[in-house]
Amino acid sequence: ERDLEGCTPFMAAVKAKAYSGALTLLEAARRVATSAGGGESVDDKCLMTMVFPDGTAPDDSPLFVLCCNDTCSFTWTGASHVKQAIYECKTCGIIGALCCCTECALVCHKGHECRFKRIAQSAYCDCWEKCHCRSLYFGEQATRLQLLNRLLSDTKLAQYPNGRGQHLLSFLLSTMARQADEQR
């Protein structure tokens, strides 16, 4: 079963940063997939129907979503203006002098009419002022790490590229480089 956004319950839990719930759902999916595999081993195809079904957009991979679930730059800049990449979202009315940070563009405005504006020498994220910003809270980080480890060890998600053709390591390196540059 999928919700209106095409997410399985597991995918929805990851997207909502409900990492404990996602771990519980992953364990339940493993039990179901083990039963489908005759009780001896996990039926990978069965597991993936609950974790990341065929036909799901590459950027909706729970592994990439988990790695994208960083926090809005406003959490560390406050109202101070800093150099950072900024985006506009026509869907939410974040246009003109308003902007959102990269994390919000990837998380809060995913699937919206959102586009890169420029690297601004002086900006802060306005996402939280215009919409329900899902990037203002962290989620439980120890549980997030545990879920990351489980996805890497129990699934083949790391083998799939995102929508830009990047594999996980390449994606993480480019994200870390961008964040390091922005947070100087």
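Helices here are DSSP runs of H or I with at least four residues, numbered from the N terminus. With that in hand, welcome to a predicted model, shown in a few close-up views.

**View 1. Threonine 143 in helix 8.** Threonine 143 sits in helix 8, which covers residues 141–154. Is threonine 143 buried or exposed? Its relative accessibility is 12%, so threonine 143 counts as buried, the cut-off for buried being under 20%. Leaving aside residues up to four places away in sequence, threonine 143 touches Tyr19, Ser20 and Leu23.

**View 2. Helix 2 meets helix 3.** Here helix 2 (residues 19–36) and helix 3 (residues 44–51) have axes that come within 8 Å and cross at roughly 150 degrees. Helix 2 is therefore roughly antiparallel to helix 3, since angles over 145 degrees count that way. The crossing of these two helices is right-handed. On the helix 2 side, the contact is made by Leu26, Ala29, Arg30, Val32, Ala33 and Ala36, and on the helix 3 side by Cys46, Leu47, Met50 and Val51.

**View 3. Cysteine 89 and cysteine 92.** How many disulfides does a search of the whole structure find? The search finds zero. Cysteine 89 is in no disulfide, and its nearest cysteine sulfur, that of cysteine 92, is 3.8 Å away. With 0% relative accessibility, cysteine 89 counts as buried.

**View 4. Cysteine 101 and cysteine 104.** The closest cysteine sulfur to that of cysteine 101 belongs to cysteine 104, at 3.7 Å, which is too far for a bond, because a disulfide needs sulfur atoms within 2.5 Å. Cysteine 101 counts as buried, at 1% relative accessibility.

Terms used
Residues numbered from 1 in each chain as written. Predicted model: local features only at pLDDT ≥ 70, side-chain atom pairs only at ≥ 80, totals over all residues. Heavy atoms only, no water. Axes fitted to C-alpha atoms, helices over the stretch in contact; angles between N-to-C directions. Parallel < 35°, antiparallel > 145°, perpendicular 65-115°, else oblique. Left-handed = near helix turned anticlockwise from the far one by under 90°. Contact = heavy atoms within 4.5 Å. Buried < 20%, exposed > 50% of the residue type's maximum accessible area, 1.4 Å probe, protein only.
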